[in-house]
Amino acid sequence: MYKLYFAPGAASFSVHLALIEMAVPFELVRVDLQSGEQKSSEYLRLNPNGVVPTLVHDGQAMSESAALLLWLAEREGKLAPPMGSPARAPYLQWMLYLANTLQPAFRQWFYPHEAAGEAAIDGAKAAAQVKVEVVFDRLADHLSANGPYLCGADLTVADLHAFMLMRWSRNMPKPATSWPVLAAFVAGLKARPSFKALYEAEGLTEWA
Ligand SMILES: N[C@@H](CCC(=O)N[C@@H](CS)C(=O)NCC(=O)O)C(=O)O
């Protein structure tokens with residue numbers, strides 16, 4: 001049984017979606033980010049980075065959303081191209097690209113003071129916006145040529161991670177859905193029963 005420490009709409013979203021898509025039993029534990037529960041000594045023992053998500057399995061606590069997706073896909077044998085298949089290379093490439101490039105740009109957008117202090121917030125946000133839009137251009141080009149999913153015909157956890165990151169852009173000046181191919185990608189994932197199940201479980205309404 002998996003136990004997912006989550007906050008609604010946060011970086012736990014893609015892991016939560018993966019657990020639903022994989023139809024495996026899991027338990028949710030809500031972490032109150034507003035009150036700083038993620039920095040409590042109890043939570044820091046599970047995740048020393050003081051962020052969500054954390055996934056606990058067999059008494060082992062693991063963190064980093066992209067790593068959790070890769071691990072779950074490997075462990076469950078679902079939502080990833082089989083080992084040794086040609087799609088394995090683009091799959092790993094997209095997972096790492098999303099985690100190393102797009103996700104940190106969102107961290108900079110939502111936590112701009114971390115980049116260069118409170119005085120540089122506007123510049124940090126402007127730079128983050130440029131980074132996000134460059135990646136959305138790149139994703140749009142790739143999906144136009146190779147879609148409907150990042151690895152072609154089959155849904156993988158990379159798509160779930162990309163979907164979560166696209167959701168995070170919903171209040172930005174140029175959200176992901178401004179690119180028609182990304183809007184179609186988003187619509188396809190929203191139409192899956194897993195999206196409705198996650199929204200109900202996390203109590204989300206925005207961007208439904
Ligand atoms: N690289 C981490 C980033 C996680 C992260 O930044 N989580 C945010 C929510 S989206 C968080 O917990 N923020 C609370 C904080 O930083 O105190 C991952 O992918 O798991």
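Predicted model: local features only at pLDDT ≥ 70, side-chain atom pairs only at ≥ 80, totals over all residues.
A word on ground rules: local features need pLDDT of at least 70 and side-chain atom pairs count only at pLDDT 80 or more, while totals for chains, interfaces and linings use all residues. Numbering runs from 1 along each chain as its sequence is written, and side-chain values use heavy atoms, with hydrogens and water left out.

**The pocket**

Let's start with the largest pocket, which has a volume of about 900 Å³. Here a pocket is an open set of points on a 1 Å grid over the protein atoms alone, where a 1.4 Å probe fits, with protein on both sides within 12 Å along at least five of seven lines. The volume is the space filled by probe spheres set on those points.

The lining of the largest pocket has 34 residues, and A10, A11, R107, Y111 and W168 lie nearest the centre. To count as lining, a residue needs an atom within 4 Å of a point. By type, the lining splits into 20 nonpolar, seven polar and seven charged residues; Tyr and Trp go with the nonpolar group, Gly with the polar one, and Asp, Glu, Lys and Arg are the charged ones.

Helices α3 (65-76), α4 (88-110) and α7 (157-168) each supply at least two lining residues, and α4 gives the largest share, seven residues. Helices are DSSP runs (H or I, at least four residues) and strands are too (E, at least two), numbered from the N terminus. Domain 1 (2-79) and domain 2 (88-194) both contribute to the lining, so the largest pocket lies between them. Those bounds come from an automatic or database domain assignment.

**Helix α3**

In α3, S65, A66, L68, L69, L72 and A73 are buried, meaning under 20% relative accessible area with a 1.4 Å probe and protein chains only (exposed is over 50%, partly exposed in between). Looking down the axis of α3, the buried residues fall within an arc of 160°, so they line one face of the helix. That arc is taken from the directions from the helix axis to the C-beta atoms.

| Cis bond | Omega | Loop holding the proline |
|---|---|---|
| V52 and P53 | about 10° | P53: between α2 (41-46) and β3 (54-57) |
| G147 and P148 | about 10° | P148: between α6 (121-146) and α7 |

A23 has a positive phi of about 55° without being a glycine, and sits in the loop between α1 (13-21) and β2 (26-30). At 65% relative accessibility, A23 counts as exposed. D58, another non-glycine, also has a positive phi of about 55°; its loop runs between β3 and β4 (60-63), and at 73% relative accessibility D58 is exposed.
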